[in-house]
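Subject: Structure for your files

Dear colleague,

Here is the structure I said I would send. My notes on it follow below.

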Amino acid sequence: MDLQQLHAMEANCTQENLPRCTAACPLHVDVRGMMAAIRKGDFSAGYDLFAKMAPFPGIISRVCDQPCQEACKRVEAGDGLAINALEQACRNFNTQPLLKNNLIPNKNKKVAVVGAGISGLTVALNLAKKGYKLTVFDTGTEFGGRLLEFPEAKLPRQMMADDFAILAKLGVQAKLGVTVGNHAGAGVLFNDLLAEFDAVYLGLGQIKAADFALGLEMDSDGCICIDPVTFGTSNPKVFAGGSYRQEQGKLSLIHSVAAGQSAAISIDRALQGVALTFSRSHEGPQPTRLFTSTEGVEPRPVVVMADSGLGYTREEATAEAERCLDCQCMECVKLCEYLKHYRAYPLSYARQIYKNMTSVVRKSNQMINSCSMCRLCEEVCQDNFSMADLCREARETMVSTGKMPPSAFGFALQELKYSNSDLAALTRHEPGFSQSQVMFYPGCQLSGSAPGQVIQTYNYLREKIKDGVGLMLGCCGAPADWAGEKEKFIAAIQSIKSEWERMGTPKVILGCPTCFMIFKNNLPDIPVEFLWTFMDQIGLPEVPSAGSYTLAVHDSCTTRHEREIHDSVRNILRQLGHRVEELKTSREFTECCGFGGLMQIANRELARMVVDRRIDESDKDYVTYCAMCRDNFTNRGKTTYHLLDLIFGDKNGKMTARPPVGYSQRHEERARLKTTVLREIWGEAVQDKPALVNLVIADEVRALMEDSLILTADLQQVIEYAERTGNKFRNSTNGHFLACYKPAYVTYWAEYSVGETGFVIHDAYSHRMEILDK
């Protein structure tokens with residue numbers, strides 16, 4: 001993944017876009033932060049955020065025309081937030097000094113401002129703070145311009161004086177009662193200003209400039225031609241803005257302030273001799289892509305002031321700030337335990353992952369490897385941001401550059417190799433047939449979890465389809481795909497394709513939703529159908545009635561867009577006499593069981609949280625059509641049926657959930673399934689492979705092994721090796737032996753003793769340390 005790809009992915013996450021109120025404000029006041037401070041009762045902190053962006057906070061808090069309020073998302077559920085009134089409350093209850101004096105070296109440049117209205121004074125303030133020498137000219141006798149038209153009750157004069165006092169402190173000089181122009185009667189010639197000052201700003205209000213003979217380029221209306229971005233004119237020393245170009249009746253004080261700020265930036269750049277137009281797109285009001293859902297937001301009216309003349313009390317202001325929706329997206333984080341676990345959002349994860357591409361950090365690796373790749377984030381995101389694509393890309397890059405630890409997904413890759421080995425894999429035509437009309441591919445997880453049901457399903461298909469039903473046992477390669485092992489994955493699916501061609505290219509009926517996804521996305525030449533749509537069409541086998549139950553359906557995340565499958569599963573349940581309860585997130589919005597993307601291998605704790613969250617959604621028993629979903633839920637104590645449990649249920653018609661199934665059992669059952677079908681269906685004399693040694697394992701030790709991804713077969717190798725070579729330690733206190741064995745890159749340890757029926761396992765653990773002979 002290169003920087004360009006990273007930026008492309010980042011752009012799809014809008015979480016860091018401005019909320020609509022701030023985006024609509026030409027000054028970009030941090031309204032969201034200000035509201036948070038008010039809610040805490042910290043009006044000084046709120047005022048600090050406001051005053052950072054508002055050059056004259058007292059004035060603006062009184063007479064802003066509030067484009068933010070119209071943009072407020074609250075409008076979709078009642079009144080918009082009274083933001084300007086809350087700005088006033090921040091000023092009223094602020095207890096911190098209004099002015100923070102920053103000592104800036106004086107610059108040897110002089111700027112003249114013509115017009116003492118709000119835009120001209122904003123230019124004067126911003127440039128004076130940068131160390132320029134400012135002189136303000138105006139025909140009036142005091143600062144304020146159009147502000148003086150507001151009544152005292154709306155805009156107290158003392159408040160204006162307090163705000164403008166900063167200009168004097170910064171050394172801004174005022175020359176009032178003078179007219180500037182090149183016409184007769186002008187007190188100060190405009191050409192003299194051009195000669196004396198390094199730059200001039202014209203904040204002329206609504207006055208027509210044509211009569212002033214300024215020598216600037218004018219339009220047909222007699223107005224100065226102004227660049228809309230830089231506020232420059234035909235004279236490179238002259239800039240102009242404010243309400244000069246605003247339409248009568250649509251005058252906006254806050255846009256005049258914004259024009260003054262932009263003009264000040266241009267003047268500063270012009271006096272420093274740098275480009276005026278570089279990176280100006282963030283100035284002024286702008287659209288925002290931030291998505292905020294108002295679904296479920298209760299309408300609440302604006303808080304009414306007890307005394308509108310005094311403004312909000314502290315309590316009223318806090319109550320009004322409570323109406324703020326604190327606009328954020330986070331739609332994916334709300335539904336994803338993985339995103340919540342690492343306490344951030346996709347855009348920040350993209351940055352972390354890119355950083356990790358150049359420096360391998362264990363924690364970051366686990367974050368990359370813990371995503372279940374279920375694509376729920378992509379489904380709920382307005383811009384389809386996909387953590388699955390991001391993490392898959394990162395895993396593949398880490399594997400190809402040697403930065404993925406071999407043990408990260410080693411267990412799953414070993415299981416893939418085992419499932420496709422001669423011990424567990426099989427491809428056969430139906431006995432008595434030399435070709436297959438269809439081929440049943442149950443998948444390795446169903447084969448390991450419920451091998452008896454695989455045989456029952458195969459026999460059912462043979463009864464329904466008379467022209468030959470082939471059987472193929474193995475793994476579709478999903479673990480390699482999830483692990484970023486591209487070469488291993490390609491090898492797995494090419495092997496499937498070769499076997500399919502050898503079988504005469506039959507239609508494949510899949511018993512596992514993950515296999516269905518892998519086949520559909522990666523083997524487009526192979527015609528496929530999921531077992532459930534097939535059963536729904538041709539009819540269920542006859543089974544004793546088990547009564548009628550309400551079952552909550554958990555859809556597999558790998559079928560989230562397969563509505564036909566969802567419908568067939570529900571139809572089958574109804575045919576069996578059961579009622580269906582839909583979970584809050586189902587079908588295309590379903591959640592992962594914690595196994596997808598190998599989350600369970602990379603981060604067991606997180607996988608448990610994912611499972612627990614899902615099984616807590618309903619007190620009803622669950623039904624799934626994925627073996628891993630069933631096993632994961634059952635292993636955490638939730639009564640969960642696989643759909644085949646209901647179809648091929650108890651012969652006496654009882655609803656009995658199968659017990660939990662762990663890694664070791666699934667591992668052994670895959671090989672046992674192969675020998676069973678060869679013996680019972682093909683009539684071959686197949687001997688079960690004798691165990692290396694017999695083990696006796698208590699439930700608590702077996703649970704420990706399950707947590708540590710240690711198989712019974714691993715410990716059998718440890719003890720067989722120890723007993724054959726004598727490489728073991730004996731604890732003289734309890735007589736237990738301790739031995740280890742390293743078949744690949746993981747070392748397995750077993751503490752054991754010799755029992756009457758086999759070796760008794762007392763403890764087991766594994767690690768990646770290298771054990772040397774000396």
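Is Glu 320 buried or exposed? Bear in mind that this is a predicted model. Glu 320 is buried, because its relative accessible area is 0%, and the cut-off for buried is under 20%.

Glu 320 belongs to helix α12, which covers residues 314–321. Its side chain has two backbone nitrogens to note. That of Ala 82 is reached at 2.9 Å, and that of Val 303 lies 2.9 Å from a polar atom of the Glu 320 side chain. Setting aside neighbours within four places in sequence, the contacts of Glu 320 are Gly 80, Leu 81, Ala 82, Leu 86, Val 302, Val 303 and Tyr 312.

Next, helix α33. It runs over residues 712–725, 14 residues in total, and spans 20 Å from first C-alpha to last, close to the 20 Å expected. Its buried residues are Thr 712, Asp 714, Leu 715, Gln 716, Val 718, Ile 719 and Ala 722. The elements covering them include the helices α31 (663–680) and α32 (699–707), along with the strands β17 (695–697), β19 (737–741), β20 (747–754) and β21 (759–767). Just after α33 comes Gly 726, with a positive phi of about 80°.

Last, the annotation. An unreviewed UniProt entry places "domain: Cysteine-rich" at residues 438–519 and 552–630. In the model, residues 438–519 are 61% helix and 16% strand, with end C-alpha atoms 15 Å apart. Residues 552–630 are 42% helix and 13% strand, and there the end C-alpha atoms are 12 Å apart.

Regards

How values were computed: Residues numbered from 1 in each chain as written. Predicted model: local features only at pLDDT ≥ 70, side-chain atom pairs only at ≥ 80, totals over all residues. Heavy atoms only, no water. UniProt positions renumbered as here; feature names shortened; annotations may be inferred. Helix = DSSP H or I, 4+ residues; strand = E, 2+ residues; numbered from the N terminus. Buried < 20%, exposed > 50% of the residue type's maximum accessible area, 1.4 Å probe, protein only. Polar contact = N/O pair within 3.5 Å; in protein donor to acceptor, adjacent residues only side chain to side chain. Contact = heavy atoms within 4.5 Å. Expected span 1.5 Å × (residues − 1).
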